[in-house]
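Subject: Structure handover

Hello,

Here is the structure for you to take over. Please open it beside this message; my notes follow below.

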Amino acid sequence: MAERKVRVRFAPSPTGPLHIGGVRTALYNYLFARQHGGDFVFRIEDTDSARFVPGAEEYIIEAFKWLGIAFDEGVSFGGQYGPYRQSERRDIYKKYVQQLLDDGKAYIAFDTPEELDAKRSEVENFQYDATTRMQMRNSLTMDKAEVERLVAEGAQYVVRFKIEPGRDVHVDDLIRGDVNINSSILDDKVLYKSADQLPTYHLANIVDDHLMEISHVIRGEEWLPSAPLHVLLYEAFGWTDTMPRFAHLPLLLKPVGNGKLSKRDGDKLGFPVFPLEWHDPQTGAVSSGYREQGYLPEAVVNFLALLGWNPGNDQEMLSMDELVRLFDLSKCSKSGARFDYVKGIWFNHQYLLQKPAGEWVPEFDALLRRQGIESTAEKEAQVVEMMCQKVIEYTDGEGNKKKRNVSFVSDLWPLCRFFFIAPDTYDREDKFVRKNWKDTTAQEMDELVGVLSALDETEFTVDALKDMVEAWCEATGRKPWNAWRVCLVGTGQGPDMYELAAFLGKAETLKRMEAAIAALK
């Protein structure tokens with residue numbers, strides 16, 4: 001048999017925002033498809049009409065566009081296997097429901113919710129299966145004429161899959177190997193509901209994967225219990241030759257404690273669990289997103305890729321092209337991956353520092369505008385150039401070398417506020433100020449004002465400042481740099497003093513120095 005073309009799919013339900021675990025699942029599907037020259041299909045599984053949330057589908061599409069995870073076909077992308085939205089495929093599913101009924105592989109059940117609750121109270125650990133189905137109201141226990149009459153009269157019913165007990169069902173999983181489940185523990189799952197004339201996930205999923213020629217189903221571990229049922233459905237339809245290969249990914253676990261990662265964990269520890277900010281149309285609640293918190297999409301992709309998979313070496317920084325080349329499902333972990341959100345911040349820091357200063361400018365400009373400051377792209381790029389790398393190391397008031405990480409563009413504001421706003425107070429309790437402003441310092445700064453005044457505004461460049469000030473220092477024995485920093489910044493932070501003074505210009509530099517001298521005399 002010829003090798004099948006790789007076709008994988010991501011099929012979310014439009015019931016709310018896309019969870020970061022879903023993003024990782026989609027990413028792994030994307031990497032697998034790209035590595036094998038295959039297709040990546042986007043399908044919307046909206047058979048649960050009661051849980052549909054307006055705007056969720058558009059949110060999901062926008063999230064993947066931001067992340068750079070591209071689909072080849074599907075909802076909003078087109079393709080020859082459509083429609084790709086399950087609510088638009090009702091007639092297709094009805095045909096296959098009828099096939100199962102005709103073949104005796106499924107049956108109609110009329111049990112009401114009240115009758116099912118009564119049976120659950122009567123039978124401990126009740127499930128609808130081979131041992132209980134003959135006690136219920138269904139087409140296996142009722143006359144054919146009665147069944148037909150109830151259907152014709154519009155009585156609500158469901159169609160259940162008839163699972164034969166006592167059989168070992170094998171799932172060939174690319175990550176977990178052979179998974180063997182005995183069919184006796186499976187219940188007769190509902191495949192179709194007459195109330196909304198829609199199939200359940202199980203039937204729609206199998207029919208769509210078959211008709212869309214999906215070759216591999218890569219999904220979260222939470223779907224592993226459904227895999228034996230899906231294998232049995234493929235067999236019931238006679239589709240075993242086209243059954244996809246399964247791969248069930250490890251769960252994303254809480255950063256602290258036990259259990260699956262949830263929104264509550266993010267709220268508690270202060271990190272997002274959604275790719276984009278989500279505004280709930282029903283409650284009005286706003287949930288944070290990676291994009292709005294200042295994460296770079298390539299950092300998020302790199303971070304997620306290594307949660308439950310590794311390339312087999314110590315390399316951590318991986319571009320999308322490198323991920324495509326190195327990705328291997330067999331290297332995925334079988335156990336859950338702890339969601340180390342601090343590592344996610346580290347990735348953003350690394351990617352941010354790799355960006356040229358000019359690429360920081362749009363977000364930095366928006367940051368300044370939120371502070372009521374208008375500047376130019378040229379000046380903003382200068383600030384970033386001076387600060388984004390050099391801010392990593394600085395000297396505190398005790399003369400100690402320390403490091404400060406800029407993980408987000410927003411981190412720059414408290415570190416570079418002084419570029420745009422002059423200090424208006426000088427805290428004598430500040431260690432740096434206390435150490436570097438002595439009784440004689442005001443006089444020294446007065447002298448430095450005189451030195452700097454000799455330069456024209458157009459001569460106020462880094463090289464000219466350095467030549468002028470260092471000549472004065474050599475002649476007088478002065479060491480003015482820390483006190484000068486107090487004047488221009490107000491404390492012990494900032495870039496090289498010549499670069500800072502050149503950026504501020506002659507008028508602003510002298511104005512700040514005179515204000516500091518007056519305040520600290």
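The structure holds 35 salt bridges. Keep in mind that this is a predicted model.

Start with Glu-153 and Arg-149. Their side chains meet in a salt bridge, 2.8 Å from N to O. Glu-153 is exposed, at 55% relative accessible area. Arg-149 is partly exposed, at 36%.

Next come Glu-292 and Arg-291, whose side chains form a salt bridge at 3.0 Å, N to O. Glu-292 counts as partly exposed, with 36% relative accessibility. Arg-291 is partly exposed too, with a relative accessible area of 31%.

Salt bridges with shared partners join Arg-9, Arg-43, Glu-45, Arg-89, Asp-208 and Asp-209.

Now to helix H18, residues 481-489. Is this helix mostly covered or mostly open? Mostly covered: seven of its nine residues are buried. They are Ala-483, Trp-484, Arg-485, Val-486, Cys-487, Leu-488 and Val-489. Arg-485 is on that list, so its relative accessible area is under 20%. The cover includes helices H15 (431-436), H16 (441-453), H17 (462-476), H19 (497-504) and H20 (506-520). Just after H18, Gly-490 takes a positive phi of about 100°.

Which residues does Trp-484 contact, leaving aside its neighbours within four places in sequence? They are Met-445, Leu-448, Leu-452, Val-469, Met-497, Tyr-498, Ala-501, Thr-509 and Met-513.

One of those contacts, Tyr-498, has another neighbour to check. Asp-463 is found in helix H17. Asp-463 is exposed, with a relative accessible area of 57%.

Trp-484 also matters for the core count. The largest nonpolar core has 154 residues, and Phe-339, Trp-437, Trp-484 and Met-513 touch the most other members. Helix H1 (residues 20-35) supplies the largest share of this core, nine residues. Another core lies apart from it, with six residues, among them Tyr-107, Phe-126, Tyr-128 and Met-136.

On to the rings. The count comes to 31 aromatic pairs. Phe-303 and Phe-339 form an edge-to-face pair, 5.2 Å centre to centre with 70° between the planes. Why does this pair tie together parts that are 36 residues apart in sequence? Because Phe-303 lies in helix H9 (residues 297-305), while Phe-339 lies in the loop between strand E15 (337-338) and helix H11 (341-354). Both Phe-303 and Phe-339 are buried.

Trp-309 and Phe-327 make a tilted pair, with 5.4 Å between centres and 45° between planes. This pair links distant parts of the chain, 18 residues apart. Trp-309 is in the loop between H9 and helix H10 (320-326), and Phe-327 is in the loop between H10 and E15. Trp-309 and Phe-327 are both buried.

Ring pairs also build a cluster from Phe-10, Tyr-30, Phe-40, Phe-42, Phe-64, Phe-71 and Phe-77.

Two charges sit over rings. The charged end of Arg-160 is over the ring of Tyr-128, 3.8 Å from its centre. The charged end of Lys-379 is over the ring of Phe-503, 4.4 Å from its centre.

Last, some strands. Strand E5 (residues 158-161) and strand E8 (residues 190-193) run antiparallel and are joined by three bridges. Val-158 stands opposite Lys-193 in E8. E8 also pairs with strand E9 (residues 198-199), again in the antiparallel sense, over two bridges. Here Tyr-192 has Pro-199 in E9 as its bridge partner. E8 and E9 form a hairpin with four residues between them. In the turn, Gln-197 has a positive phi of about 55°.

Best wishes

Key:
Residues numbered from 1 in each chain as written. Predicted model: local features only at pLDDT ≥ 70, side-chain atom pairs only at ≥ 80, totals over all residues. Heavy atoms only, no water. Buried < 20%, exposed > 50% of the residue type's maximum accessible area, 1.4 Å probe, protein only. Contact = heavy atoms within 4.5 Å. Salt bridge = Lys/Arg side-chain N within 4 Å of Asp/Glu carboxyl O. Pairing = 2+ DSSP bridges. Core = buried A, V, L, I, M, F, W, Y, C linked by side-chain atoms within 4.5 Å. Phe/Tyr/Trp six-rings, centres within 6.5 Å; stacked < 30°, edge-to-face > 60°. Lys NZ or Arg CZ within 6 Å of the ring centre and 35° of its normal.
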